[in-house]
Amino acid sequence: ILSACIDGIVPKSLSTTRWSARADATRALRHNYSGILSALQQLANDKDQTATARNDASSLATEMETLEMAVLCVVWDSILERFNSPSKTLQKVNIDLATCVSLYESLHSFISSIRTEEAYLSYEDKAKLLVEDSSYRAEHARARKRRRLFNEVDSEVQLSPRERFRTS
């Protein structure tokens with residue numbers, strides 16, 4: 001995996017005490033997505049590995065090949081990257097209240113801005129660059145039909161796979 005990583009950004013273990021380690025981990029995952037996926041696929045096919053290791057690698061690789069996983073990777077990298085810097089600034093001893101307020105307002109504005117349809121489409125476009133199959137899993141799944149009682153009206157809203165993923 002390390003040879004496939006770019007710009008010295010390598011996958012990290014998560015720290016139980018430093019949540020900013022999650023920002024480092026998601027950055028490494030996003031920037032080395034294809035290298036990590038390739039390494040997992042190699043582990044899954046390596047007969048020298050234990051069956052459990054091969055199965056775990058195969059499961060992770062299969063999950064990483066989905067658009068949903070790539071979108072989550074891009075979204076969380078963006079969010080954690082944006083929160084990491086203010087978090088470090090807020091921990092400084094000499095910070096004043098005005099700076100705290102402006103950081104809070106900036107984060108509030110950021111969170112409001114990423115909840116729009118345009119922002120989601122931007123994240124989705126970035127995620128599509130990470131995976132080969134740029135369709136949602138639900139587009140390939142068989143539609144489930146729920147049995148209805150004789151007096152029941154069909155009032156369920158049918159969402160597209162994109163909308164279902166985005167809202168849930």
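Helices (H or I, at least four residues) and strands (E, at least two) are DSSP runs, numbered from the N terminus. These legends show a predicted model, in which local features need pLDDT of at least 70, side-chain atom pairs count only at pLDDT 80 or more, and totals for chains, interfaces and linings use all residues. Residues are numbered from 1 along each chain as its sequence is written, and side-chain values use heavy atoms, with hydrogens and water left out.

View 1. Aspartate 24 and arginine 27 form a salt bridge (a side-chain nitrogen of Lys or Arg within 4 Å of a carboxyl oxygen of Asp or Glu). Their closest N and O atoms are 3.1 Å apart. Both residues lie in helix H1, 3 residues apart, about one turn of the helix. An α-helix has 3.6 residues a turn, so residues three or four places apart point the same way. Aspartate 24 counts as buried because its relative accessibility is 18%. Buried means under 20% relative accessible area, exposed over 50%, and partly exposed in between (1.4 Å probe, protein chains only). Arginine 27, at 27%, counts as partly exposed. A search of the whole structure finds 3 salt bridges.

View 2. Arginine 30 meets aspartate 77 in a salt bridge, 3.0 Å from N to O. Arginine 30 lies in helix H1 and aspartate 77 in helix H4, so the pair ties together parts that are 47 residues apart in sequence. Aspartate 77 is buried, at 1% relative accessibility. Arginine 30 is partly exposed, at 21%.

View 3. Helix H2 covers residues 33–45, which makes 13 residues. At 1.5 Å a residue it should span 18 Å (the expected span is 1.5 Å times one less than the number of residues). Its end C-alpha atoms are 19 Å apart, which agrees. The buried residues of H2 are Tyr33, Gly35, Ile36, Leu37, Ala39, Leu40 and Ala44. They pack against helix H1 (20–31), helix H3 (51–64) and H4, with contact meaning heavy atoms within 4.5 Å.

**View 4. Helix H4 packs with helix H6.** H4 (residues 67–90) and H6 (residues 117–128) pack at an angle of about 120 degrees, with their axes 8 Å apart. Axes are lines fitted to C-alpha atoms, for helices over the stretch in contact, and angles run from 0 to 180 degrees between N-to-C directions. From H4, the contact is made by Leu67, Ala70, Val71, Val74, Val75 and Ser78. From H6 come Tyr120, Tyr123, Glu124, Lys126, Ala127 and Lys128.

**View 5. Serine 78 in helix H4.** Serine 78 has its place in helix H4. Is serine 78 buried or exposed? At 17% relative accessibility, serine 78 counts as buried. Leaving aside neighbours within four places in sequence, serine 78 is in contact with Phe110 and Tyr123.

View 6. Glutamate 124 pairs with lysine 128 in a salt bridge, with the closest N and O atoms 4.0 Å apart. Both lie in helix H6, 4 residues apart, about one turn of the helix. Glutamate 124 is buried, at 1% relative accessibility. Lysine 128 is partly exposed, at 28%.

**View 7. Arginine 115 in a loop.** Arginine 115 is found in the loop between helix H5 (97–113) and H6. Arginine 115 is exposed, with a relative accessible area of 67%. Its C-alpha atom is separated by 10.0 Å from that of threonine 167, 52 residues apart along the chain.
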